[in-house]
Amino acid sequence: MSVGAVIVVIGALVVYRLVAGRSRTSAAPVANTSLLTDLPEYRRALRRHRIRMLVLAGSAALLGGAALIGAARPVDVTIERPETRNRDVVLCLDISGSMAAYDAELVRTFMTLVTQFEGERIGLVIFNSSAATVFPLTDDYDFIRDELDIALRALAGDPEVDYFFAGTFNGLGTSLIGDGLTSCVSSFDRVDTRRARSVVFATDNELAGRPIIELDEAIELAKLRSVRVYGLNPEESGHDEQAAEMRTLVRSTAGEYYAMSDRTAVERIVRAVAAQEATVIDAAARRILTDSPAVPITLAGLGLAGVVTASRRWGT
């Protein structure tokens with residue numbers, strides 16, 4: 001039972017006792033009462049009686065009205081525009097055959113690290129001969145873990161989740177790394193605002209085919225949009241010309257290059273991302289409803305006090 005209902009019941013019981021008490025009082029006709037009613041004491045008593053009756057009626061009305069308003073559960077409505085500090089990270093995975101084991105290890109590590117994130121938005125883009133967005137930037141970490149779990153199963157060869165690779169075989173060739181990185185860099189929103197943006201770019205760096213955009217052009221786009229690229233390559237750093245070129249290009253974005261054999265690479269990347277200055281952004285406005293029973297409860301309490309006080313004095 002609500003507080004308002006309890007107050008109504010108590011008020012009703014008080015008024016009932018009052019009426020019942022009066023109804024039990026016997027009445028008899030009396031002659032020549034004008035001698036009594038003309039007395040100053042009688043007039044004063046009658047005036048006090050009428051005032052008490054007005055107080056009783058007003059208090060009962062206040063009690064009943066406040067109780068009804070309280071039972072309706074009045075609420076306060078406020079609009080909140082929270083500010084959040086945000087960093088954006090896009091996982092950019094080359095899913096050509098030679099990368100499956102490396103991608104799986106990278107995804108597995110990120111599934112663990114997601115539990116440590118606070119405010120970072122994560123997105124996932126995969127590419128081979130064409131690129132596909134698995135999920136856009138989001139800070140829904142339960143959703144991210146579910147999607148990364150599907151990615152892990154797909155990379156392990158689970159036929160039930162073959163749909164994970166949809167959209168990555170629409171071009172000619174394999175590992176079109178320039179096209180893939182361009183799609184990843186283009187995944188960031190609010191490009192006209194200053195944000196902490198990073199791409200974790202895992203590729204075998206073995207281009208087979210003719211990309212629309214070369215790797216150096218994709219890197220220039222990343223620099224234009226203030227995106228740091230952290231490159232992960234199966235080859236040991238500096239052991240071949242392609243690895244050396246990739247290392248030079250990703251470092252030009254203020255990012256870093258890592259060999260896949262470095263088991264601390266992902267953790268180091270996450271620390272580097274966390275070290276970047278977070279940008280304050282306005283989150284979506286939210287309407288907040290909060291119960292506001294204080295006023296009706298206070299008024300009901302005053303009404304009840306008036307009813308009880310007036311009833312006692314009336315009964316004396």
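Which element gives the largest share of the lining of the second largest pocket? In this predicted model, that element is α4, with five residues.

The second largest pocket holds about 250 Å³ of space. Its lining is made up of 14 residues. Closest to the pocket centre are E105, L106, M260, D262 and R263. Two elements, α4 (100–113) and α9 (265–275), each give two or more residues to this lining. By residue class, the lining comprises seven nonpolar, four charged and three polar residues.

A disulfide is a covalent bond between the sulfur atoms of two cysteines. The count for the model comes to one disulfide. The bond joins C92 to C184, with an S to S distance of 2.0 Å. C92 belongs to strand β2 (residues 83–94), whereas C184 belongs to helix α6 (residues 177–185), so the pair ties together parts that are 92 residues apart in sequence. The disulfide is right-handed, because the torsion about the S-S bond of C92 and C184 is about 80°.

Conventions: Residues are numbered from 1 along each chain as its sequence is written. This is a predicted model: local features need pLDDT of at least 70, side-chain atom pairs count only at pLDDT 80 or more; totals for chains, interfaces and linings use all residues. Side-chain values use heavy atoms; hydrogens and water are left out. On a 1 Å grid over the protein atoms alone, a cavity is a set of points where a 1.4 Å probe fits but cannot get out, and a pocket is an open set with protein on both sides within 12 Å along at least five of seven lines; lining residues have an atom within 4 Å of a point. Grid points are joined across faces, edges and corners, and a volume is the space filled by probe spheres set on the points. Helices (H or I, at least four residues) and strands (E, at least two) are DSSP runs, numbered from the N terminus. Ala, Val, Leu, Ile, Met, Phe, Trp, Tyr, Cys and Pro count as nonpolar, Asp, Glu, Lys and Arg as charged, and the others, Gly among them, as polar. A disulfide is a pair of cysteine sulfur atoms within 2.5 Å.
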